[in-house]
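Biologist: I would like to learn how to read a protein model. Could we go through one together, feature by feature?

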Amino acid sequence: MLATEIKRVFMNKSFIMVILIGVIAGCIGLKAYNDNVYFHRLAGNEEAISAFDAWLYALGVSPSSLLKLILVILISIPFSDSYIYDKKSGYINFIRTRCSFNKYIYSKIIANGIAGGTAVLLIFFILLIISGFIYPFNIPNTELNYVPYGFFEDIYMNSPFMYVVIILLLGSFFGIVFATLGLSSSIYFYNRFAVTAYPFVFYVILVVLAQIFGIRFLLPIILVTPFSILGISLTEIITGYLIIISITIIQLYSLIKKGKSEIY
């Protein structure tokens, strides 16, 4: 069952579309970085031009980067609405004659998480490759380059490739969590668009609450691009994730319970 669900993910044209849109959105941030390094070239500061800096601009440092604004939507598109689709199409009735509901729903949860995590990982990695083709992988210059103060700052300055790995892993986890959040919202809706939009609405609500109460760990942007906010700590990131994961688990429990009652 799990293999079937994973196949549905990667055979889905929307998965490829999401990757393309994400890369294009990130390239807008790269354009902003290119405008900035123009002055470095004029001043002869070639050592200040770094693919690592360019990559961070693509992911979210640049105000013009669209990726950080639409990423949470892209995560949900490939497979988060698949449970609602299966119910509406009658596919779930076909499946339940071949396996238990538990096996079906847990396979779907895992496949959906893989879809969200892989989507973010591929977008981030492709943007890194593009950055490397355009700019050298120089160690960032602390006086002229962007410095992600706070979360693993020392790692970025001394071993930027290790910092890249951390952000890739963090991005993948962000994709898994928010894709699962989207799927779990099937407990509330019978509309595929509503399920897909739910993580984005949830994201916006967290941003509003963070601004009103001045609580930084509620800002979801720190969960995927912690360098977007100065001085973000690992504790704040973990706290933010725990809140979202707790809500997701409650919704998933309700969804599984409701699904079993509908079938049996």
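Predicted model: local features only at pLDDT ≥ 70, side-chain atom pairs only at ≥ 80, totals over all residues.

Biologist: Where does Lys13 lie, and what is its distance to Pro78?

Modeller: Lys13 belongs to helix α2, which covers residues 13–43. Lys13 and Pro78 are 65 residues apart along the chain, yet their C-alpha atoms are separated by 8.3 Å.

Biologist: How many helices and strands does the protein chain have?

Modeller: There are 11 helices and zero strands in the protein chain. Its pattern along the sequence is therefore a run of α elements, α-α-α-α-α-α-α-α-α-α-α. The radius of gyration is 20 Å, close to the 18 Å that the globule rule gives for 264 residues, so the protein chain is as compact as a globular protein of that length.

Biologist: What box do the C-alpha atoms fill?

Modeller: Taken along the principal axes, the box is roughly 70 × 40 × 25 Å.

Biologist: What should I keep in mind when I look at a helix?

Modeller: An α-helix has 3.6 residues a turn, so residues three or four places apart point the same way. Helix α9 runs over residues 160–184, and at 1.5 Å a residue its 25 residues should span 36 Å. The end C-alpha atoms of α9 are 36 Å apart, which agrees.

Biologist: Is α9 largely enclosed or open, and why?

Modeller: Of the 25 residues of α9, 19 are buried, so α9 is largely enclosed by the rest of the structure. For the protein chain as a whole, buried residues make up 49% of the 264 residues.

Biologist: Which residue would show me what buried looks like?

Modeller: Take Phe52, in helix α3 (residues 51–61). Its relative accessibility is 1%, and since buried means under 20%, Phe52 counts as buried. Leaving out residues up to four places away in sequence, Phe52 touches Phe137, Asn138, Pro140, Tyr156, Pro160, Phe161 and Val164. The C-alpha atoms of Phe52 and Val164 are separated by 8.0 Å, although the two residues are 112 residues apart along the chain.

Biologist: Is Ser76 buried or exposed, and what does Ser76 touch?

Modeller: Ser76 is buried, at 0% relative accessibility. It lies in helix α4, residues 67–76. Not counting residues up to four places away in sequence, Ser76 touches Asp81, Phe178, Thr196 and Pro199.

Biologist: What share of contacts joins residues at least 24 apart?

Modeller: Among contacts between residues at least 6 apart in sequence, the share is 76%.

Biologist: How should I read a residue that is partly exposed?

Modeller: Partly exposed is the range between the two cut-offs, under 20% and over 50%. Val204, in helix α10 (residues 192–213), is partly exposed, with a relative accessible area of 36%. Val204 and Ser172 are 32 residues apart in sequence and 20 Å apart in space, C-alpha to C-alpha.

Biologist: Where does Asn141 lie, and what is it in contact with?

Modeller: Asn141 lies in the loop between α7 (101–134) and α8 (153–158). At 22% relative accessibility, Asn141 counts as partly exposed. Apart from neighbours within four places in sequence, Asn141 is in contact with Glu47 and Ala48.

Terms used: Residues numbered from 1 in each chain as written. Heavy atoms only, no water. Helix = DSSP H or I, 4+ residues; strand = E, 2+ residues; numbered from the N terminus. Rg over C-alpha atoms; globule rule 2.2 N^0.38 Å. Buried < 20%, exposed > 50% of the residue type's maximum accessible area, 1.4 Å probe, protein only. Contact = heavy atoms within 4.5 Å. Expected span 1.5 Å × (residues − 1).
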